[in-house]
Each structure stands twice: as C-alpha cells, then as structure tokens.
Amino acid sequence: MVTVLILMSTFTLAITIGGMVLFELKSMNATGESVKALYAAEAGIECRLYMTNKAGSCDASGTLENGTEYISTDYVTYIRSIGTSNKVNRALEITFE
C-alpha cells in the first residue's frame, strides 16, 4: 500500500512538473513571436514616415523576409501600424503635429 502511494505521488509530481515545463515553452515561443510582430509594426511606421518626409513610395502593407506582416495607416495627425507574426499582433502608433 505504501509503495502504491509513493508511486502515485511521484507520478502526480512528474505530471505537474511536465505541465509547468510545457507552459514555459509556449510562453517563450509567444514572446519571440511578439518581438517579431513589434518590429514588423515598426517597419510599417518607418515606411509611412519615409512616404511622408521624402515623398517616396512604399507599400502600406507588406510581408517581410522573416514571414511577418505589417499594415500601416496614415491619418491626419498620427500613423498606426499593426505587425503580425504567427497569429500574434502588436500595434504601434505615433502622433505628430
């Protein structure tokens, strides 16, 4: 009986630790995707600033080499850009006068 209780306790502890490790691995992956999405949004902001300041041209939305995407929108007093990486979205907005 004691052996069965010790085995069940050990099994429960192993399952709990395994679940915690999987959760941490998923969190680390989401953090990396979040950073890539943030940089994609920044690329959209830079594109709009280039269009505004240099009268140049670039795409208001696009896909970058690492597979991330951005969509930027130019309003009267601000620019908003949304970056996407593997279903993770991050947005940036700058205001100017």
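Biologist: Which strands does α1 lie across, and at about what angle does α1 run to β3?

Modeller: Before the answer, a word on what you are looking at. The model is predicted: local features need pLDDT of at least 70, side-chain atom pairs count only at pLDDT 80 or more, and totals for chains, interfaces and linings use all residues. Residues are numbered from 1 along each chain as its sequence is written, and side-chain values use heavy atoms, with hydrogens and water left out.

Helices (H or I, at least four residues) and strands (E, at least two) are DSSP runs, numbered from the N terminus. Axes are lines fitted to C-alpha atoms, for helices over the stretch in contact (heavy atoms within 4.5 Å), and angles run from 0 to 180 degrees between N-to-C directions. Here, α1 lies across β2, β3 and β4 and runs at about 145° to β3.

Biologist: How do I read the sheet: what is the order of its strands?

Modeller: Start from pairing: two strands pair if DSSP finds at least two bridges between them. In this model, four strands make an open sheet in the order β1-β2-β3-β4, with antiparallel pairing. β1 and β4 (88-95) stand at the edges with a single partner strand each, so one side of each has no neighbour in the sheet. From one strand to the next, the twist averages 15°.

Biologist: How many bridges join each pair of strands?

Modeller: Walk across the sheet. β1 (residues 61-63) and β2 (residues 69-74) share three bridges.

Biologist: What about the hairpins: how many residues lie between their strands?

Modeller: The β1 and β2 hairpin has five residues between its strands, and G67 in that turn has a positive phi of about 90°. The hairpin of β2 and β3 has three residues between its strands.

Biologist: Which residues have a positive phi although they are not glycines?

Modeller: Look at the loop between β3 and β4, where you find N86 and K87. N86 has a phi of about 55°, and K87 one of about 70°; neither is a glycine.

Biologist: Are N86 and K87 buried or exposed?

Modeller: Buried means under 20% relative accessible area, exposed over 50%, and partly exposed in between (1.4 Å probe, protein chains only). N86 counts as exposed at 56%, and K87 does too at 80%.

Biologist: Which residues does E33 contact, leaving aside its neighbours within four places in sequence?

Modeller: They are S85, N86 and V88. E33 is found in α1, and is buried, with a relative accessible area of 11%. The C-alpha atoms of E33 and N86 are separated by 6.6 Å, although the two residues are 53 apart along the chain.

Biologist: Which residues form a nonpolar patch on the surface?

Modeller: Like charges are joined within 9 Å, and nonpolar side chains (Val, Leu, Ile, Met, Phe, Trp, Tyr) within 5 Å. Areas come from the Shrake-Rupley method with a 1.4 Å probe; for residues, only the protein chains shown count as cover. In this model, L13, I17, V21, L22, L25 and M28 form the patch, with about 600 Å² of accessible area together. One of them, L22, lies in α1 (residues 2-54) and is exposed, with a relative accessible area of 52%.

Methods: Patches are made of residues with over 30% relative accessible area and no salt bridge: like charges are joined within 9 Å, nonpolar side chains (Val, Leu, Ile, Met, Phe, Trp, Tyr) within 5 Å. A salt bridge is a side-chain nitrogen of Lys or Arg within 4 Å of a carboxyl oxygen of Asp or Glu.
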